[in-house]
Amino acid sequence: GAMSVPGLGGQAGRTTWSGCECKTSWAKEQLTCNSSCCNPDNKTLGEWCKVLNATCEGSEWGYCRPTEIPADCRDSAGWLDREGEGCAAYGSQRYCTPQGG
């Protein structure tokens, strides 16, 4: 199973990766969400939301921090992102985690 992240259970108080608070319910064109963060259009980067304060996010929309880390999350030896950072950098900076940036 997935590993729960303390303090982030449920949908209340969900935030974006930038730490900006999400609206509880929102709609965009034909897409709607009633639980803060949804992925109604199956974006590869996961759930997203309409933020309460667009100045905080720099946009009206943002990708949500996950509430749990998938159990099948694994490092891949030799993997680098487009900026040349590998798994060690992601681990030390806590990228892609509810706490990281």
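Trainee: What are the ground rules for numbering and confidence?
Mentor: Residues are numbered from 1 along each chain as its sequence is written, and side-chain values use heavy atoms, with hydrogens and water left out. The model is predicted, so totals for chains, interfaces and linings use all residues, while local features need pLDDT of at least 70 and side-chain atom pairs count only at pLDDT 80 or more.

Trainee: What percentage of the residues count as buried?
Mentor: Buried means under 20% relative accessible area, exposed over 50%, and partly exposed in between (1.4 Å probe, protein chains only). The protein has 101 residues, and the buried share is 24%.

Trainee: What percentage of the contacts between residues at least 6 apart join residues at least 24 apart?
Mentor: Contact means heavy atoms within 4.5 Å. Take the contacts between residues at least 6 apart in sequence; the share joining residues at least 24 apart is 46%.

Trainee: How are the bonded cysteines paired in sequence order?
Mentor: A disulfide is a pair of cysteine sulfur atoms within 2.5 Å. The structure holds 4 disulfides. With the bonded cysteines numbered in sequence order, the pairing is 1-7, 2-6, 3-5, 4-8.

Trainee: How many residues apart in sequence are the parts tied together by Cys20 and Cys56?
Mentor: Cys20 and Cys56 form a disulfide, with sulfur atoms 2.0 Å apart. Cys20 lies in the loop between β1 and β2 and Cys56 in helix α1, so the pair ties together parts whose separation in sequence is 36 residues.

Trainee: Is the disulfide of Cys33 and Cys38 left-handed or right-handed?
Mentor: The sulfur atoms of Cys33 and Cys38 are 2.0 Å apart. Cys33 is buried at 1% relative accessibility, and Cys38 is buried at 15%. The torsion about the S-S bond is about 70 degrees, so the disulfide is right-handed.

Trainee: Where do Cys37 and Cys64 lie?
Mentor: A disulfide joins Cys37 to Cys64 (S to S 2.1 Å). The pair ties together parts that are 27 residues apart in sequence, because Cys37 lies in the loop between β3 and β4, and Cys64 in the loop between β5 and β6 (68–69).

Trainee: What is the handedness of the link of Cys37 and Cys64?
Mentor: Cys37 is buried at a relative accessible area of 1%, and Cys64 is buried at 6%. The angle about their S-S bond is -95 degrees, and the link is left-handed.

Trainee: How many salt bridges does the structure hold?
Mentor: A salt bridge is a side-chain nitrogen of Lys or Arg within 4 Å of a carboxyl oxygen of Asp or Glu. One of them joins Asp41 to Lys43, with the closest N and O atoms 3.6 Å apart. The total is 3.

Trainee: How many residues apart are Glu47 and Arg14?
Mentor: Their side chains meet in a salt bridge at 3.0 Å, N to O. Glu47 sits in the loop between β3 (31–33) and β4 (48–50), and Arg14 in the loop between β1 (3–4) and β2 (26–28). The pair links distant parts of the chain, and the separation is 33 residues.

Trainee: Which residue has a relative accessible area of 5%?
Mentor: In the pair of Glu47 and Arg14, Glu47 is partly exposed at 33%. The buried residue at 5% is Arg14.

Trainee: In which strand is Lys50, the partner of Glu60?
Mentor: The side chains of Glu60 and Lys50 meet in a salt bridge (3.8 Å, N to O). Glu60 lies in the loop between α1 (54–57) and β5 (61–63), so the pair ties together parts that are 10 residues apart in sequence; Lys50 lies in strand β4.

Terms used:
Helices (H or I, at least four residues) and strands (E, at least two) are DSSP runs, numbered from the N terminus.
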